[in-house]
Amino acid sequence: MTEPLKVTTEELRAFLAEQFPQGERFGTLERLGDGWAEMKLNVGDEHLRPGGTVSGPAMMGLADVALYAALLGQIGLVPLAVTSNLNINFLRKPVAHAPIRATAKMLKVGRTMGVGEVFVYSDGRDEPVAHATITYAIPAPQ
């Protein structure tokens with residue numbers, strides 16, 4: 001069972017805007033819950049690759065920041081929690097100009113690491129376009 005939410009959606013949005021402003025190009029936080037987060041990326045031309053599909057780096061960035069949000073919702077605002085492993089499977093072609101959404105869920109949060117998974121969807125589609133498993137290193141308290 002996960003611990004209660006340590007920060008609100010609004011507090012996490014403010015933290016991300018201040019501490020990680022470049023993260024906005026990877027998506028925006030829509031919802032935050034107990035061990036989970038949802039983010040959305042409005043896909044523009046800068047997110048497309050040749051062939052008219054959303055690029056892998058755009059989907060990976062969205063997945064990574066979504067799980068970071070889910071983790072911080074559980075452990076609090078820890079800036080130096082960093083990705084230590086990311087594995088992603090691209091499952092099907094996303095819709096080129098439709099927003100993509102990530103649903104992230106923490107699977108385990110310990111003292112020094114957190115592990116979770118993320119599903120990425122194109123708006124209007126029921127089947128995921130990508131699935132990622134991500135591990136975060138959590139720094140020791142100062």
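Mentor: Start with pairing: two strands pair if DSSP finds at least two bridges between them. Helices (H or I, at least four residues) and strands (E, at least two) are themselves DSSP runs, numbered from the N terminus. The model is predicted, so local features need pLDDT of at least 70 and side-chain atom pairs count only at pLDDT 80 or more, while totals for chains, interfaces and linings use all residues. Residues are numbered from 1 along each chain as its sequence is written, and side-chain values use heavy atoms, with hydrogens and water left out.

Trainee: What makes β6 and β7 a pair?

Mentor: They are joined over 9 bridges in the antiparallel sense, and the definition asks for at least two. One of the bridges has V109 with G114 of β7 as its partner. A hairpin of 3 residues leads from β6 to β7.

Trainee: How many bridges join β7 to β8?

Mentor: There are 8, and the two strands run antiparallel. Within β8, I134 stands opposite G116, and H131 stands opposite F119.

Trainee: Which strands form the open sheet, and in what order?

Mentor: The order is β1-β2-β6-β7-β8-β5, 6 strands with antiparallel pairing. β1 (28-33) and β5 (82-90) are the edge strands, as each pairs on one side only. Direction ignored, neighbouring strands are turned by 20 degrees against each other on average. In general, strands of a sheet pair through backbone hydrogen bonds, either parallel or antiparallel.

Trainee: How do you know that β5 and β8 are paired?

Mentor: They share 8 bridges in the antiparallel sense, where at least two would do. Two examples are N85, whose bridge partner in β8 is T135, and N89, whose bridge partner in β8 is H131.

Trainee: What does α2 touch when it packs on the sheet?

Mentor: α2 touches β1, β2 (36-41), β5, β6 (100-109), β7 (113-122) and β8. Contact here means heavy atoms within 4.5 Å. The direction of α2 makes about 45 degrees with that of β6. Axes are lines fitted to C-alpha atoms, for helices over the stretch in contact, and angles run from 0 to 180 degrees between N-to-C directions.

Trainee: How many aromatic pairs does a search of the whole structure find?

Mentor: The search finds 2. In one of them, the rings of Y68 and Y136 have centres 5.9 Å apart and planes at 25 degrees, so the pair is stacked. Y68 is in helix α2 (residues 56-75) and Y136 in strand β8 (residues 130-137), so this pair links parts of the chain 68 residues apart. Both tyrosines, Y68 and Y136, are buried.

Trainee: Why is the pair of F119 and Y121 called tilted?

Mentor: Their ring centres are 6.5 Å apart and their planes are at 35 degrees. Rings of Phe, Tyr and Trp (its six-membered ring) pair if their centres lie within 6.5 Å; planes under 30 degrees apart count as stacked, over 60 as edge-to-face and the rest as tilted. The angle of 35 degrees therefore makes this pair tilted.

Trainee: Why is T53 called buried?

Mentor: T53 has 10% relative accessibility, so T53 counts as buried. T53 lies in strand β4 (residues 53-54). Not counting residues up to four places away in sequence, T53 touches H47, L48, K93 and P94.

Trainee: What label does G76 get, and on what value?

Mentor: G76 has 9% relative accessibility and therefore counts as buried. G76 sits in the loop between α2 and β5. Leaving aside neighbours within four places in sequence, G76 is in contact with K6 and V7.

Definitions and conventions:
Buried means under 20% relative accessible area, exposed over 50%, partly exposed in between (1.4 Å probe, protein chains only).
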